[in-house]
Amino acid sequence: MTDRVHAGPFSGLSFKLIAAIAGVILLVEIAVFFPSLANFRAGWLDDRLRVGGVAVRVFDAVPDVTDLPVEITEPLLQSAGALAIVYRREGQSDLISLDAAMMPEETHTADMRDRNPLRLIADAVDTMVSGGRTLRIVGVPPGAGDAVVEVIMPESPLRADMLFYAGNIAMLSLIIAGVTAFALYVFAERLLIGPLRRLTGAVLAFGQNPENGRLIIRPNKNRKDEIGVLEREFSQTQEELFTMLRQRRHLADLGLAVSKINHDLRNMLTSAQLLSDQVATLDDPKVQRLAPRLVNTIDKATEFAQSVLDYGRQQSRPPRPAPVDLRALGTEASVAAGLAGHPHIVFDNRVPDDLVVTVDPDHLARVFINIFKNAREALETAADTMTSPTVTFSAEPRETTLRLTLADNGPGLPPRARENLFVAFKGSARSGGTGLGLAIARELVEANGGTIALAETEKGTAFTIDLPLR
């Protein structure tokens, strides 16, 4: 018996399912993460522009910006975290800045008037990667009319807030992925994985000991889904296999006993046959009249015992296909069956000379010999009531198969024989026959991928054999 392979902790369906669910959720979170990060950055910059909007109202309230006291401009700039705020309207620009601030020579512009989603995502990634620059935030804050406000400030506070936000999002994503995966896993474990694990265990256990009836699974009759159907069908298959194995064991034991009895019986019949031959040489008229009947009966009994022994010893080997000349094979089989050269029976071989089929030649020869022999015996029995007894062998190529026809013009088969024609010990057409010949013929034909059947004919008996051309 082959070794059973059990799923490891990381190769089972449970681990794969929960890993797949968590992976999908994380991929969705990643797809949402970048737009969310871009929106956070845009909101953060908009807040700084709102402070610039307050500066606009301050600028509008005084005639000269340069006259604004430091007590007003310093808190305004510090609340925005800005180095300077520039106010532009109608070609006029005003500036307020921290006294101690050094204005940078180079700035990175963040124009909040352009709200393209892809640009916002690209700028957010750029801020996360770069950092340490000086931002020049350009936009139109609410309530500022058509005035454009520029807020100049360092980028490091924005990047620090974005990193903190990204960390929170990542932690939340992991929590959501874990909780969702666990909840789905519990749900799937109850409805899918658990029953599948139970079925897997039942298959492994039953495969190791199929004759143990306690290992037959008990299906859940309340389940109407695919798992329920699988459980019921598997349970039924187990029961049928369990019954079949027990029957096979009983038949094997019975067959062994019959074989021993049949062997001894054949030896006794052989001895009786020798004695009957001696009795047939006696001059007594009564003995001479009864001896042929006795000899014929013993011969039939001996033949029956021998055929049963041959059937029991028969070993089915896989077919060994090879190119076969059908006409030559049919001729050889007719000779072996005592048909070719028969003084009263004509063998008509109509198969073309160049017809070749790939099949096991030994298997097909045994099938031909058996059918030809049955035809010869049927024609010999009815020889006194018919003229020109003939056995015909023909072939008809079709699209995908080759049909062989083996026919005779004899009396045909009785209805009893037709009902169980290919069943061992039941399909004999003559008294004392075993019916094993056609049963073996069917096994051999089917082993080579073909089919055999009794054809409907007005007279005689005809068998058709369909063999695959490829």
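**Reading the model**

Author: D111 is partly exposed, since its relative accessible area is 24%; buried means under 20%, exposed over 50%, and partly exposed in between, with a 1.4 Å probe and protein chains only as cover. The model is predicted, so local features need pLDDT of at least 70 and side-chain atom pairs count only at pLDDT 80 or more, while totals for chains, interfaces and linings use all residues. Residues are numbered from 1 along each chain as its sequence is written, and side-chain values use heavy atoms, leaving out hydrogens and water.

Reader: With which residue does the side chain of D111 meet in a salt bridge?

Author: A salt bridge is a side-chain nitrogen of Lys or Arg within 4 Å of a carboxyl oxygen of Asp or Glu. Here the partner of D111 is R113, at 2.9 Å from N to O. R113 is partly exposed as well, with a relative accessible area of 48%.

Reader: How many salt bridges does the rule give?

Author: The count comes to 15 salt bridges. Among them is the pair R119 and D114, at 3.0 Å from N to O. R119 is partly exposed at 22% relative accessibility, and D114 is partly exposed at 33%. In the pair R398 and E396, the closest N and O atoms are 3.8 Å apart. R398 has a relative accessible area of 39% and is partly exposed; E396 is partly exposed at 42%.

Reader: Which residues are linked in a network of salt bridges?

Author: The network links R88, R136 and E150. Two strands pair if DSSP finds at least two bridges between them. Strand β1, residues 84-89, pairs with β5 in the antiparallel sense over five bridges, and R88 has V148 as its bridge partner in β5. Strand β4, residues 134-139, is also paired with β5 in the antiparallel sense, over six bridges, with R136 standing opposite I152.

Reader: Is β5 mostly covered or uncovered?

Author: Strand β5 is mostly covered, six of its seven residues being buried. V149 lies in this strand, which runs over residues 148-154, and V149 is buried, with a relative accessible area of 0%. Between V149 and R136 there are 13 residues in sequence and 9.9 Å in space, C-alpha to C-alpha.

Reader: Which residues make up the covered face of strand β8, and which the uncovered one?

Author: In a regular strand the side chains alternate between the two faces of the sheet. In β8, residues 356-359, V357 and V359 form the covered face, and V356 and T358 the uncovered one. Strand β6, residues 322-325, pairs with β8 in the antiparallel sense over four bridges. In that pairing, A322 stands opposite V359.

Reader: Which residues of α3 are buried?

Author: They are L120, D123, A124, T127 and M128. These residues cover an arc of only 140 degrees around the axis, and therefore lie on the same side of α3; the arc is that of the directions from the helix axis to the C-beta atoms. The face turned away from this buried side carries the exposed residues L118 and V129.

Reader: Which residues make the nonpolar surface patch?

Author: Patches are made of residues with over 30% relative accessible area and no salt bridge; like charges are joined within 9 Å, and nonpolar side chains (Val, Leu, Ile, Met, Phe, Trp, Tyr) within 5 Å. The areas come from the Shrake-Rupley method with a 1.4 Å probe, and for residues only the protein chains shown count as cover. In this model L27, I30, F34, V125 and V129 make a nonpolar patch of about 470 Å².

Reader: How far apart are L17 and L184 in sequence and in space?

Author: They are 167 residues apart in sequence and 9.1 Å apart in space, C-alpha to C-alpha. L17 also belongs to helix α1 and counts as partly exposed at 25% relative accessibility.

Methods: Helices (H or I, at least four residues) and strands (E, at least two) are DSSP runs, numbered from the N terminus.
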